[in-house]
Amino acid sequence: MYLNIGNDMSVRFKNIIGIFDMDNTSTSRRTREFLDKAEAEGQVVPCDDLPKSFIVTTEYGFERVYLTTLSSATLEKRMK
C-alpha cells in the first residue's frame with residue numbers, strides 16, 4: 001500500500017519509519033541536528049510550501065526525509 005503525502009508524491013507504508021509534526025519536534029535540538037544533517041547529505045525531499053510535518057523512510061538501505069504540507073494527523077488518517 002502507498003500513502004499519498006501531497007505534491008503528487010507517495011511512499012510505501014512498509015518503508016515509513018515515522019511521521020513527525022514539524023511544530024512539536026523542531027523545538028528539539030536533536031531533531032534540528034537530524035534535519036540539518038539529512039539536508040546536507042541530500043536526503044531531504046522538499047515541498048513547495050511551508051512544511052507541517054516530515055516523514056522519515058528507508059528503502060534499499062537509504063534514508064530519505066520527505067517534507068510535506070499535510071499535518072501528521074491527516075497523514076495518520078490516510079494510513080487507516
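Glu 33 and Arg 29 sit 4 residues apart in helix α2, which spans residues 29–40, and are therefore separated by about one helical turn. Helices here are DSSP runs of H or I with at least four residues, strands are runs of E with at least two, and both are numbered from the N terminus. The two residues form a salt bridge, with the closest N and O atoms 2.9 Å apart. The criterion is a side-chain nitrogen of Lys or Arg within 4 Å of a carboxyl oxygen of Asp or Glu, and by this rule the count comes to 1 salt bridge. Glu 33 is partly exposed, at a relative accessible area of 43%; buried means under 20%, exposed over 50%, and partly exposed in between, with a 1.4 Å probe and protein chains only.

A word on the source. This is a predicted model, in which local features need pLDDT of at least 70 and side-chain atom pairs count only at pLDDT 80 or more, while totals for chains, interfaces and linings use all residues. Residues are numbered from 1 along each chain as its sequence is written, and side-chain values use heavy atoms, with hydrogens and water left out.

I turn now to the sheet. It is open and consists of 4 strands in the order β3-β5-β6-β4, with mixed pairing. Because β3 (16–21) and β4 (44–45) stand at the edges, each with a single partner strand, one side of each has no neighbour in the sheet. Two strands count as paired if DSSP finds at least two bridges between them. Between β4 and β6 there are 2 bridges in the parallel sense, and Val 44 stands opposite Val 65 in β6. By contrast, β5 and β6 run antiparallel and are joined by 7 bridges; Ile 55 has Tyr 66 in β6 as its bridge partner. These two strands form a hairpin with 2 residues between them, and Tyr 60 in the turn has a positive phi of about 55°.

Finally, consider Thr 68, which belongs to strand β6, residues 62–68. Is Thr 68 buried or exposed? Its relative accessibility is 1%, so Thr 68 counts as buried. A polar atom of its side chain lies 2.6 Å from the backbone oxygen of Ile 5, and the side chain of Thr 68 also reaches the backbone nitrogen of Leu 70 at 3.2 Å. Leaving aside residues up to four places away in sequence, Thr 68 touches several residues, including Ile 5, Cys 47, Ile 55 and Leu 75, where contact means heavy atoms within 4.5 Å.

Terms used. A polar contact is a pair of N or O atoms within 3.5 Å; within protein, one must be able to donate a hydrogen and the other to accept it, and residues adjacent in sequence count only if both atoms are side-chain atoms.
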